[in-house]
Structures are given as C-alpha cells and as structure tokens.
Amino acid sequence: MYVARDFSLMLQSCGMTAATFTIIWMRVQLEWNSIILCSLEEIVGMVIGLEFIDPNLTPSQKKIGFVCVWFSFAFALFLLNRYHKRKTYKTIPDFKMWKLIVLLHTGFIGGIFSAISGSGLDICSFSILTLLFRITEKTATPTSVVLMAGNSLVGFYWRQRSDFSSLASSLTSDRKPWRELKRDSEELQQVQINSDEDAKEKGMKPDANKNLNGKRKYEVHELDTHPEA
C-alpha cells in the first residue's frame, strides 16, 4: 500500500503541477479563498496522516477508506446531476467566518485522506465547493486540481525526505571515519611489506596471486647460488 500511495503522489506531483501551470497560464477562473485556506491546513493534515495515522491502519482499513472517499465523490456528482437549473456562483458569495472554518477543516481532512490513499483533498474540496457553496463545476474542477498539485508535492517531499534520512543514517552508522580507514590501509601495507621481507629471508618467493583474505601466497624456491655466466 505504501508503494501505491507514494507512486500516486509522485505521478500527481508531476501531472497536477503541469496542469496547474496551464490553468494559471490560461487564466482560468479559480476560487482563491479555497486554495489558500485548504492549502494551509492540508500540510498539517498530510504530515499528521503520514506520521501518526497511516502507520496505525491495516491494509484492509486503508482500502475501505479509499473506496468510501471515491464513493462520496460519485454520490456528490449524482446529486449535482439531478438539479440542472440550480443557481451557481463563480466564487464563494458573502464570505464569512464560518465559511473560513469549513474550508480549513476541509483542507485538514483532505490532507489526511491523501496521506492514507494518495488522493482525497481534491475530492473533499470539489464536494464542499459544489454542494455547500454552490460553486459551478467550471470553477471547482480547476480549483481542486491546483489544490491537489500542492498536496501531492508536500506528500511526495515528506515521504522522500523520511526515506533519504533513514537511508543516510543507516549508511553513516556503519561507515568508519576517513582517518581510521587511512590508518587501517597503512597498517595493511606495512604488514604486507614485512611478510615479503620475511619470505625473502627464508628463501621463499612471493606469488603474484592472492587468496581471499588478501594475504600473499608463497612458494618455496631453492636459492640460486651458481648463477649462469
């Protein structure tokens, strides 16, 4: 489940970011109150979900939660399609304190869902904007895309940060300092030199091959006391 969630965040961090650039470049209508407020709380929800909630859930619970989130999205679309002549707005009308609180809670809950299943903030944002605030789908859809781009970047960065930290700590914990490695190398060279000198004194010739332990093999040769003319 971790691999699927992380892979989903990685793909969305690329695709949603590219889509966000296109949306801003084409000046598509966005609900900036939702983007700002939900983005603030989704960071908190994402971190809490990754660090504390997700590790305590079983794979079956995660799958059920993922299905429930997407079923709620399908149910929201079903309700919207029933009312074709309903009044809609391009932005949230008459913005008040209770709407601010609703958007903050939406970002927090959506961040937790994204930490568990890799997607959730866009669904929560779209459902709240269209059902509660009566925002048109032409505004709610690109708004949810921009929100999910930031959410996936935060989640993917946090996951890779924790993975790289654990990998670096495991590598550095077993690694000797440079001075110790240099001293060990010098001691090994000195032992090799002494071994070669002892072998020559005993009339042994060092072999060019080495065994698995790094020590030279020696072959006994008779000393040539009558060199050829």
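Is Phe 133 buried or exposed, at 3% relative accessibility? Phe 133 counts as buried, because buried means under 20% relative accessible area. The model is predicted.

## Trp 98 and Phe 133

Phe 133 pairs with Trp 98. The two rings are tilted, with 45 degrees between the planes and 6.0 Å centre to centre. Trp 98 counts as partly exposed, at 42% relative accessibility.

Trp 98 belongs to helix H4 (residues 97-117). Phe 133 falls in the loop between helix H5 (121-132) and helix H6 (137-173). The partners are 35 residues apart in sequence, so the pair ties together separate parts of the chain.

## Other aromatic contacts

The whole structure holds six aromatic pairs. One aromatic cluster is made up of Phe 66, Trp 70, Phe 73 and Phe 126.

A charge also meets a ring. The charged end of Arg 161 sits over the ring of Trp 158. The distance to the ring centre is 4.7 Å.

## Annotated transmembrane regions

The UniProt record, an unreviewed entry, lists residues 7-26, 64-80 and 100-133 under "transmembrane region". In the model, residues 7-26 are 95% helix and 0% strand. The end C-alpha atoms of that span lie 29 Å apart.

Residues 64-80 are 100% helix and 0% strand. Here the end C-alpha atoms are 24 Å apart.

Key
Residues numbered from 1 in each chain as written. Predicted model: local features only at pLDDT ≥ 70, side-chain atom pairs only at ≥ 80, totals over all residues. Heavy atoms only, no water. UniProt positions renumbered as here; feature names shortened; annotations may be inferred. Helix = DSSP H or I, 4+ residues; strand = E, 2+ residues; numbered from the N terminus. Phe/Tyr/Trp six-rings, centres within 6.5 Å; stacked < 30°, edge-to-face > 60°. Buried < 20%, exposed > 50% of the residue type's maximum accessible area, 1.4 Å probe, protein only. Lys NZ or Arg CZ within 6 Å of the ring centre and 35° of its normal.
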